[in-house]
Amino acid sequence: MKFLATSLVLLFSTYAFAAIPPQDCKEEVVRVGLTQIHQLSNREQTNCYITTSNMNNYVDLKYRDYLVSNDSLLVFISLDDGPEDTSSGAKEFYFFPRNQRTSTFSISEDEREITIKGRYNFDFIFDSESSHLIGMTNAKVEVDPKISAENDGGVFITPTQGLVYELPFKLGGAPSADFRKTGVFKDAYQHECRVQIGKIFKYTNSEGETAVKYTDEQLKKVLAKLCPQIKY
């Protein structure tokens with residue numbers, strides 16, 4: 001099966017669907033302009049996922065889709081309809097500090113923009129016709145219009161508040177599952193620090209699901225040793 005096929009939801013097919021979704025994360029599919037929004041929870045009802053995809057993605061199978069969860073943004077890139085290890089991949093961003101709100105989405109009155117909020121102080125703004133990420137709160141976002149495996153996924157985020165851990169683009173799967181690779185912490189003062197993914201993430205089950213292994217307070221202490229230049 002092609003990695004995530006035509007929907008980011010397939011990444012979570014082994015554990016995503018809850019029998020009774022949490023009340024504040026009911027499963028629903030909404031279409032705004034040419035953008036389809038899919039909201040659902042994981043099996044444990046601890047995380048809320050919201051995906052965006054464009055209805056015209058099937059035309060040339062070269063596109064970006066996005067998945068916002070309680071603590072991260074996953075950017076899925078489809079290059080063509082070939083084998084998954086060479087034709088699709090993903091890039092991830094994790095955001096700190098985290099808070100207790102659940103991921104939610106809203107639609108502007110003129111239906112031109114979609115705003116998705118995660119469990120952190122960063123909101124994502126999408127154009128409803130193109131499904132492109134066009135802005136963020138508390139961060140600067142740059143999106144290269146070129147869909148390619150050569151530009152690290154083409155999405156770059158620099159926080160103006162808080163902290164971002166950026167995991168590099170990986171063909172054939174999610175980068176957070178490759179503990180050998182290195183991600184980059186970025187703060188609001190233009191400081192950067194490279195840290196191996198395995199030092200920040202842990203496996204949570206035998207199916208290869210991963211998660212940040214520290215609370216915010218624990219992470220602050222870890223970064224004080226690994227990245228003393230980072231202000232968190």
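Two strands are taken to pair if DSSP finds at least two bridges between them. By that criterion, strand S3 (residues 48–54) and strand S4 (residues 63–68) pair, since three bridges join these antiparallel strands. The structure is a predicted model, in which local features need a pLDDT of at least 70 and side-chain atom pairs count only at pLDDT 80 or more, while totals for chains, interfaces and linings use all residues. Residues are numbered from 1 along each chain as its sequence is written, and side-chain values use heavy atoms, with hydrogens and water left out.

**Confidence**

- The average pLDDT, the predictor's confidence in each residue on a scale from 0 to 100, is 87 for the protein, and 89% of the residues score at least 70.
- Residues 1–22 have a pLDDT below 50. Beyond near neighbours in sequence, this stretch has 66 contacts in the model, a contact being heavy atoms within 4.5 Å.

**Sheet and strand pairing**

- Helices (H or I, at least four residues) and strands (E, at least two) are DSSP runs, numbered from the N terminus.
- Strands of a sheet pair through backbone hydrogen bonds, either parallel or antiparallel.
- Nine strands form an open sheet in the order S1-S2-S3-S4-S5-S6-S13-S14-S15, and the pairing is antiparallel.
- The edges are strand S1 (28–32) and strand S15 (192–196); each has a single partner strand, so one side of each lacks a neighbour in the sheet.
- From one strand to the next, the twist averages 20 degrees, with axes taken as lines fitted to C-alpha atoms and angles running from 0 to 180 degrees between N-to-C directions.
- Strand S11 (residues 139–143) runs antiparallel to S12 and is joined to S12 by five bridges. Val141 stands opposite Ile157 in S12.
- Strand S12 (residues 155–159) has a covered face made up of Val155, Ile157 and Pro159, and an uncovered face with Phe156 and Thr158.

**Salt bridges**

- A salt bridge is a side-chain nitrogen of Lys or Arg within 4 Å of a carboxyl oxygen of Asp or Glu. The whole structure contains eight of these salt bridges.
- Burial is stated by relative accessible area: buried is under 20%, exposed is over 50%, and partly exposed lies in between (1.4 Å probe, protein chains only).
- Asp152 and Lys91 form a salt bridge through their side chains, at 3.2 Å from N to O. This pair links distant parts of the chain, 61 residues apart, with Asp152 in the loop between S11 and S12 and Lys91 in strand S6 (residues 88–96).
- Asp152 is partly exposed, at 26% relative accessible area, whereas Lys91 is buried at 0%.
- In the salt bridge between Lys186 and Glu166, the closest N and O atoms are 2.9 Å apart. Here too the pair links distant parts of the chain: Lys186 lies in strand S14 (residues 182–187) and Glu166 in strand S13 (residues 163–171), 20 residues apart.
- Lys186 is buried, with a relative accessible area of 10%, and Glu166 is buried at 8%.
- A network of salt bridges links Lys91, Asp152, Glu166 and Lys186.
- The side chains of Lys117 and Asp123 also meet in a salt bridge, at 2.9 Å from N to O. Lys117 is partly exposed, with a relative accessible area of 29%, and Asp123 is buried at 10%.

**Backbone features in loops**

- The peptide bond from Phe96 to Pro97 is cis, its omega being near 0 degrees. Pro97 is placed in the loop between S6 and strand S7 (104–107).
- Leu61, although not a glycine, has a positive phi of about 55 degrees. Leu61 lies in the loop between S3 and S4 and is partly exposed at 21% relative accessibility.
- Glu111 is a residue other than glycine with a positive phi, near 60 degrees. Glu111 is located in the loop between S7 and strand S8 (113–117) and counts as partly exposed, at 49% relative accessibility.

**Helix H2**

- In helix H2 (residues 216–226), the buried residues are Asp216, Leu219, Val222 and Leu223.
- These residues lie on the same side of H2 because they cover an arc of only 115 degrees around the axis, the arc being that of the directions from the helix axis to the C-beta atoms.
- The buried residues of H2 pack against S6, S13 and S14.
- Lys221 and Lys225 are exposed on the other side of H2.
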